[in-house]
Amino acid sequence: MEFSVSQIASMLGGEVVGDGTRKINNLGKIETAGPSDISFLSNPKYENYLYTSQAGAVIAKKGFVAQKEIHPSLILVDDPYTSFTLLLEQYHQLISFQKQGVEQPSFIGDKSEVGEGIYRGAFSYIGHQVKIGKNVKIYPNAYIGDNVTIGDNTIIYAGVKVYSKTVIGSHCVIHSGTVIGSDGFGFAPQADGTYKTIPQLGNVIIEDNVDIGANTVIDCATMGSTIIRKGVKLDNLIQIAHNVEVGKNTVVAAQAGISGSAKVGENCVVAGQVGIVGHLQIANKTTIAAQSGISKTITEEGTVWMGSPAFDHGSYLKTYAAFKKLPDLVKQLRALEEKVLNLPASLKNNEY
Amino acid sequence: MEFSVSQIASMLGGEVVGDGTRKINNLGKIETAGPSDISFLSNPKYENYLYTSQAGAVIAKKGFVAQKEIHPSLILVDDPYTSFTLLLEQYHQLISFQKQGVEQPSFIGDKSEVGEGIYRGAFSYIGHQVKIGKNVKIYPNAYIGDNVTIGDNTIIYAGVKVYSKTVIGSHCVIHSGTVIGSDGFGFAPQADGTYKTIPQLGNVIIEDNVDIGANTVIDCATMGSTIIRKGVKLDNLIQIAHNVEVGKNTVVAAQAGISGSAKVGENCVVAGQVGIVGHLQIANKTTIAAQSGISKTITEEGTVWMGSPAFDHGSYLKTYAAFKKLPDLVKQLRALEEKVLNLPASLKNNEY
Amino acid sequence: MEFSVSQIASMLGGEVVGDGTRKINNLGKIETAGPSDISFLSNPKYENYLYTSQAGAVIAKKGFVAQKEIHPSLILVDDPYTSFTLLLEQYHQLISFQKQGVEQPSFIGDKSEVGEGIYRGAFSYIGHQVKIGKNVKIYPNAYIGDNVTIGDNTIIYAGVKVYSKTVIGSHCVIHSGTVIGSDGFGFAPQADGTYKTIPQLGNVIIEDNVDIGANTVIDCATMGSTIIRKGVKLDNLIQIAHNVEVGKNTVVAAQAGISGSAKVGENCVVAGQVGIVGHLQIANKTTIAAQSGISKTITEEGTVWMGSPAFDHGSYLKTYAAFKKLPDLVKQLRALEEKVLNLPASLKNNEY
């Protein structure tokens with residue numbers, strides 16, 4: 001994916017100063033960019049970087065005139081930061097949907113349908129009766145089980161495993177190594193100390209615009225569906241247990257775990273390494289601090305929680321500050337006890 | 001996998017009321033079941049659900065007569081709940097062992113043997129001198145290294161990686177993305193600040209009836225074997241380090257970690273995100289609460305632990321309740337200090 | 001990989017006592033070794049093990065004479081422990097680099113180059129414009145994206161996923177299921193409650209002599225590079241977020257997580273399940289205890305941290321000891337309050 005400086009300038013409606021034929025294939029910071037990178041100069045106080053920059057091109061503000069000789073070609077626009085961000089997004093889109101066609105060998109089962117614009121990487125596996133929308137990208141070594149449905153413009157990176165009956169929406173991104181639809185962890189204790197498997201017959205439903213990081217796991221429901229609502233963002237190495245529901249636009253950071261049948265509301269923020277006990281409800285707009293453990297249902301919207309087990313964030317901070325002074329507190333109590341003990345004998349006699 | 005209502009009725013020894021030719025391919029809850037699902041009505045107080053249910057069939061008690069017109073066909077049996085559970089288990093078995101034969105391309109090395117009834121998915125890899133029992137299912141993109149042994153009726157889901165020399169028993173289930181037999185984390189510090197690799201030459205032994213979730217890791221032993229005993233149930237994203245032994249029928253929840261050479265007893269329950277320090281012994285029937293950290297050997301059977309580092313669960317709850325009141329405690333101590341300070345001058349003179 | 005006892009003896013410059021033709025293919029402990037294993041006897045107090053050992057061969061000290069009939073052949077050397085360690089390392093090297101050649105089917109894209117001595121397992125995928133050094137081992141089902149560079153003597157185990165533009169050094173080992181270069185977790189909140197993806201255009205750089213465990217994830221940088229410096233050792237199931245830098249010879253244990261843009265110094269020890277907040281700096285030689293949470297920059301070298309949020313390790317231990325006695329402390333305070341309350345009425349009148 002390579003563009004000339006002139007091509008980029010015309011995409012941005014900008015004007016080229018310098019060599020327009022240079023080839024650009026990446027974006028970078030002005031201080032570290034190389035000859036095939038484009039960067040931007042928005043804040044005049046960083047102008048000095050321009051004079052030493054090795055960038056192939058730099059986006060600058062209309063009217064800007066370099067005070068010395070410079071290496072980069074310039075593209076002059078009304079708002080360099082906005083133009084650069086636009087470029088960043090377009091470039092990212094292009095890169096993300098660049099792959100097309102079918103590499104061999106790859107596998108597709110009976111009665112499966114794929115839309116136009118698909119990429120099926122080598123060693124990718126699509127089972128039977130799978131329905132895949134337009135412009136979907138299935139990277140190498142990915143596995144899509146039987147009866148799965150995937151919407152348009154979704155990207156499944158290398159080595160993702162999607163169990164049968166999973167439903168994935170449109171405009172989703174699922175990173176490598178993530179597993180969707182594995183059996184929920186359900187075992188019934190028997191009298192002899194062994195466990196009997198509780199059959200897991202449900203599935204996972206992932207709605208539109210969901211992003212999922214790498215090596216995350218979402219288990220299928222025992223019956224019914226584990227559901228990840230529209231716009232949810234899941235980071236890496238997260239555990240989502242059977243029958244969980246994660247509400248619209250909720251963000252979950254890496255290594256957090258949500259136990260079976262918990263319902264997390266909309267627009268929540270769950271920080272890294274958080275644990276949520278099974279069967280709880282978490283109200284909308286709840287924020288949970290890193291490494292916290294949620295052990296009871298949260299009914300009030302917009303609260304912040306910390307600790308394991310967690311309670312109100314502000315109280316936790318105060319409590320933890322007191323905790324750090326505990327050894328002093330013990331000393332102060334001992335000193336006071338001593339003081340009271342040393343009260344005159346006449347008083348002590350009165351005590352009992 | 002599809003059965004007619006009549007076929008299911010004869011499996012259950014039940015009697016059909018209504019259309020016996022309907023095709024059923026899944027099980028569901030009476031309130032959400034669709035036309036190809038079967039459900040059950042056990043408790044009469046849920047009878048109303050029946051009259052709006054869209055289920056293809058419902059299992060009900062002998063003698064039951066619907067008071068209104070209903071959509072589902074009925075299968076009348078002695079004990080609807082037991083019949084449904086039976087159906088659930090049989091259906092789950094059927095589904096789990098449904099795949100058979102060899103999809104192409106797949107790889108099998110020299111001198112490897114597989115039993116009858118095997119499924120080898122496309123892009124599955126079986127190394128050299130591997131021994132695989134009857135009715136084993138190796139899903140697509142799974143990797144089985146050289147000299148591995150796998151017992152009968154074991155299921156290896158898509159993208160599982162099993163390193164060479166691993167021994168896996170019968171009736172095991174290993175979910176996608178799990179890695180078994182990777183090198184233990186052993187590095188000897190050198191004088192210059194670098195680390196030297198300690199060669200990891202052992203293997204992993206997984207006994208019969210073990211279930212392992214998705215994206216879990218079990219490292220091989222430095223020498224000898226990391227051992228997962230009969231009937232152990234491991235959830236997703238668990239870390240089992242080198243030379244660990246997990247005792248019979250122990251259950252470990254998601255994201256827990258067991259460090260090198262620790263020995264966990266039989267019938268223990270290790271909750272989510274627990275950490276266990278290396279080289280410890282954990283007595284049989286120990287329960288460890290979520291997010292706890294075990295830092296010393298537990299010798300007494302049947303105890304419950306909480307906290308990081310963990311101590312007795314009951315004491316922890318009491319201590320944590322006191323912890324939550326720490327800011328009040330500080331205030332109370334200050335008030336008392338003040339009170340003692342304000343004792344009449346005559347007393348204070350006596351103090352020292 | 002099989003050697004005769006005589007071959008091993010000549011490698012070690014030792015002398016054979018007994019049958020030199022026996023075939024040895026593994027190393028083990030003297031008490032559990034079998035007929036094709038070699039073991040060692042260094043400390044005379046373990047001599048008794050020799051008389052019951054089933055090992056094929058045992059390395060012992062020059063001049064040693066067995067007092068009874070023994071099963072193992074002996075190899076007599078100056079320093080049995082050193083010889084055994086040497087053998088262990090050489091054997092491990094041999095085993096690790098044993099695989100060679102290209103198994104079919106495997107995939108390699110356009111303009112990609114691989115050095116001599118390569119192993120490309122079946123179903124391994126190498127993208128376009130990839131540069132791979134000498135003696136590199138790419139195990140089955142591994143995925144190497146476009147424009148990746150890998151140095152000499154690096155081992156990529158089965159099912160590793162390396163995203164495009166990643167740079168991996170020489171003498172690295174990356175275990176199964178690990179993902180390198182997945183998108184950083186960057187989403188900008190919008191006014192309507194949804195999130196917009198922040199394009200992640202950087203890469204991951206892994207320097208020489210880095211070992212990475214199984215199912216670990218290293219995200220690419222937003223711009224620039226996420227960097228893992230020379231000699232770093234990462235365990236399993238670790239999260240390394242975008243733009244993180246891990247300094248030379250730092251060791252990170254399983255299930256730890258390092259958030260975006262944090263810089264961890266050289267020769268640090270990060271224990272299991274630790275969390276490090278984003279954008280922090282951690283000084284060289286810092287040690288962080290298991291399950292701790294680092295919430296602020298650490299500037300002083302060589303300190304030890306514990307707790308969540310963490311503070312000085314020694315203070316934490318003292319504080320935690322006081323924490324465990326909190327219920328007693330509450331009782332003591334109550335008792336003291338009672339005592340003060342029961343002071344004679346005359347005193348109480350004076351209090352205010």
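Me: Which residue of chain A meets the side chain of C:D146 in a salt bridge?

Reply: In this predicted model, local features need pLDDT of at least 70, side-chain atom pairs count only at pLDDT 80 or more, and totals for chains, interfaces and linings use all residues; side-chain values use heavy atoms, with hydrogens and water left out. Residues are numbered from 1 along each chain as its sequence is written, while chains are lettered from A and ligands numbered from 1 in the order in which they are written. A salt bridge is a side-chain nitrogen of Lys or Arg within 4 Å of a carboxyl oxygen of Asp or Glu. Here the N to O distance is 2.7 Å, and the partner of C:D146 is A:K99.

Me: Which element gives the largest share of the side of chain A that touches chain C?

Reply: Between chain A and chain C the count is two salt bridges. Elements that give two or more residues to this side of chain A include α3 (80-96), α4 (313-324) and α5 (326-341); helices (H or I, at least four residues) and strands (E, at least two) are DSSP runs, numbered from the N terminus. The largest share, nine residues, comes from α5(A).

Me: How much area is buried between chain A and chain C?

Reply: Contact means heavy atoms within 4.5 Å, and 63 residues of chain A are in contact with 65 residues of chain C. Buried area is the accessible area (1.4 Å probe) that two parts lose on being put together, summed over both. Carbon and sulfur atoms give 66% of a total of about 5,000 Å².

Me: Is A:H242 buried or exposed?

Reply: UniProt, in an unreviewed entry, lists A:H242 for "active site"; its positions are given in the numbering used here, feature names are shortened, and annotations may be inferred rather than shown by experiment. A:H242 is found in the loop between β29 (239-240) and β30 (245-246) of chain A. The classes are buried (under 20% relative accessible area), exposed (over 50%) and partly exposed in between, with a 1.4 Å probe and protein chains only. Because its relative accessible area is 16%, A:H242 is buried.

Me: What is the phi of A:S261?

Reply: Leaving aside neighbours within four places in sequence, the residues in contact with A:H242 include A:S261. A:S261 lies in the loop between β32 (257-258) and β33 (263-264) of chain A, and counts as buried at 17% relative accessibility. Although A:S261 is not a glycine, its phi is positive, at about 65°.
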